[in-house]
Amino acid sequence: VTKLIINDRIDIAMAVDADGVHLGQDDISPEIARQLLGKNKIIGYSTHNIKQLEIANALDLDYVGIGPVFKTPTKKIPDPELTLELMRKMISYSHHPYFVIGGIDQNNLQDVVQNGAENFCVVRAVNLSPKPEAVIAELQNIHKKYRGKK
């Protein structure tokens, strides 16, 4: 089942009756988003360090984003990269389902998965590829091959 999650903009999520919203650290608070959207909508929240994850652990969220794992030019003002060690620590500390994001591609996904990441997101690896379907298949194969293997 496909879900429509709107990034950052709760007003748009509400206007189109999206399934949920993903919030960054500088967006509307998850508490207010939950009040506005109700219990049946999905709320995700980006975390970039242990302190932010500690705060997120106490919130009514459906998932957290953990990243950026690696350097990425996707953001105008990027957060510092986590490193695989910190990513692994944050995954183990999270009280919520999670995904890791940031600079992940077919060249480093094996390391990401072998360091405990079951759920991951990519942007540039697919969007900048002339053959996005092939990249998606390769990422899926890497994930399948290395998950659970350390």
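I am working on a predicted model, where local features need pLDDT of at least 70 and side-chain atom pairs count only at pLDDT 80 or more, while totals for chains, interfaces and linings use all residues. Residues are numbered from 1 along each chain as its sequence is written, and side-chain values use heavy atoms, without hydrogens and water.

Sheet. I looked up the strand order and found an open sheet of five strands, β1-β2-β3-β4-β5, with parallel pairing. Strands here are DSSP E runs of at least two residues, helices are H or I runs of at least four, both numbered from the N terminus. Two strands pair if DSSP finds at least two bridges between them. β1 (5-7) and β5 (98-100) are the edges; each has a single partner strand, so one side of each lacks a neighbour in the sheet. Neighbouring strands are turned by 20° against each other on average, direction ignored. Axes are lines fitted to C-alpha atoms, for helices over the stretch in contact; angles run from 0 to 180 degrees between N-to-C directions.

Pairing. I checked β3 (residues 42-47) against β4 (residues 63-66): four bridges join these parallel strands. Tyr-45 stands opposite Val-64 in β4.

Helices. Helix α2 (residues 30-37) packs on the sheet and touches β2 (20-23) and β3, its direction making about 170° with that of β3. Contact means heavy atoms within 4.5 Å. Helix α3 (residues 50-57) lies across β3 and β4, at about 160° to β3.

Surface. I then looked up Val-16, in the loop between α1 (10-15) and β2. Val-16 has a relative accessible area of 46% and is partly exposed (buried is under 20%, exposed over 50%, partly exposed in between; 1.4 Å probe, protein chains only).
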